[in-house]
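Look over the sequence and the model before reading on.

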Amino acid sequence: MSATLSRRNALAALSGLAGAPILSMFDAEAAPKAYTLMPQKLTDGVWMVAGVPEAINTANGGAIANISILSTSEGAVIIDTGPSKRYGEQLRVLAQSLTGKDVARVYLTHFHPDHVFGTQAFPAESVAATEGVIKGLTELGEGFSAAMYQAAGDWMRGTEVVLPKHVITSSVEDIGDRRLRLLRMKGHTASDLAIFDEQTGIIFAGDLVFLDRAPTTPHADIGAWKVALANLGGIPHTMIVPGHGPAEDNTRGLDQTRVWLTEIDAIIGQAFERGLDMTEAIALPLPEWTNKIALARYEYERTVMHLYPKLEAAKLPKVGGRG
Ligand SMILES: [Zn+2]
């Protein structure tokens, strides 16, 4: 042990003189981790790299969200960049090898860290997001970064918050031969981007849709979210790529997300009305069907923990004439 430490000290001192590469050459533990990105072909020219149905941890490196790659005549289009710099770098290489071209455009669906922290691997001018996403990253990015380093550990090495430079203001963008409809919505967060690809009829829903994995709600407005789901459902489509869970050619993701939000909201609202405290609300049983949903109990507990304070605040008597 002490031998290791002194070797490290010696190497650290050496690297101070001769540069960092010497340290990493000798220190196997410091070798950067590599993600296993397995693209799933959805149709010609469209791939999804599926996230694992788990919470962020040091084994999965935060690779829990679905990432999509589309081929166009002008270059690859990437939807969401994953959880870390390392992920983004691997994603860029993967997109180049799948499409045979460099990346022409990157879209961020919302500001959550599992979707945006690979952005560093792409030129900021090529990364497009709504004003709301850029605002969210500006305000919350450093906090997200700290939380990601805490949860995922070494996978995050070198990852920094990078702000997109292309602000989405139009509702359609042509990238080469592909016309993409940019659907600016809200509900999962204050600004959610869904993308409809006219060529294939696929909706890339970001985290407005979860399938077989419980929705996350830390920045959600459940009412607005249900409106967004109804609007997405009104668009004739061939397939939905959810933010988390399998891509399918049916409305299961839309339906399941809506039912989850409705039922969880009702359980928590009723618990509050009955005067249960937060611990008692967390212990309540969930609907039977949610047994088949990954992370149901975990996300339910998290939802209680941020909805309860809101319900309590709403019940407090208003002061100062703002009533
Ligand atoms: Zn997500």
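This is a predicted model: local features need pLDDT of at least 70, side-chain atom pairs count only at pLDDT 80 or more; totals for chains, interfaces and linings use all residues.

What is the site of the zinc ion like, judged by the angles among its four donor atoms? The site is irregular, with angles of 87 to 168° among those four donor atoms.

Residues are numbered from 1 along each chain as its sequence is written, and side-chain values use heavy atoms, leaving out hydrogens and water.

**The zinc site**

The protein donors are Asp114 (OD), His115 (NE2), Asp207 (OD) and His244 (NE2), at 2.0 to 2.6 Å from the zinc ion. Donors are N, O and S atoms within 2.8 Å of the metal (3.2 Å for Na, K and Ca); water is not among the atoms, so sites may look incomplete. Along the chain, the donors follow the spacing D-H-x91-D-x36-H. Asp114 lies in helix 4 (residues 113–116) and Asp207 in strand 11 (residues 202–210), so the pair ties together parts 93 residues apart in sequence. Helices (H or I, at least four residues) and strands (E, at least two) are DSSP runs, numbered from the N terminus.

**Helix packing**

| Pair | Angle | Axis distance |
|---|---|---|
| Helix 6 (residues 222–233) and helix 7 (residues 252–273) | about 160° | 10 Å |
| Helix 7 and helix 9 (residues 296–315) | about 50° | 10 Å |

Axes are lines fitted to C-alpha atoms, for helices over the stretch in contact, and angles run from 0 to 180 degrees between N-to-C directions. Helix 6 and helix 7 are therefore roughly antiparallel. Helix 7 is oblique to helix 9. Angles under 35 degrees count as roughly parallel, over 145 as roughly antiparallel, 65 to 115 as roughly perpendicular and the rest as oblique.

Residues of helix 6, including Trp225 and Leu229, meet residues of helix 7, among them Leu254 and Leu261. Contact means heavy atoms within 4.5 Å.

**A loop proline**

Pro287 is in the loop between helix 8 (278–282) and helix 9. Pro287 touches Glu263 and Ile267, not counting residues up to four places away in sequence. Pro287 and Ile267 are 20 residues apart in sequence and 9.6 Å apart in space, C-alpha to C-alpha.

Note on methods. Four donors count as tetrahedral if all angles lie between 85 and 135 degrees; four count as square planar and six as octahedral if opposite donors are over 155 degrees apart and all others between 65 and 115; anything else is irregular.
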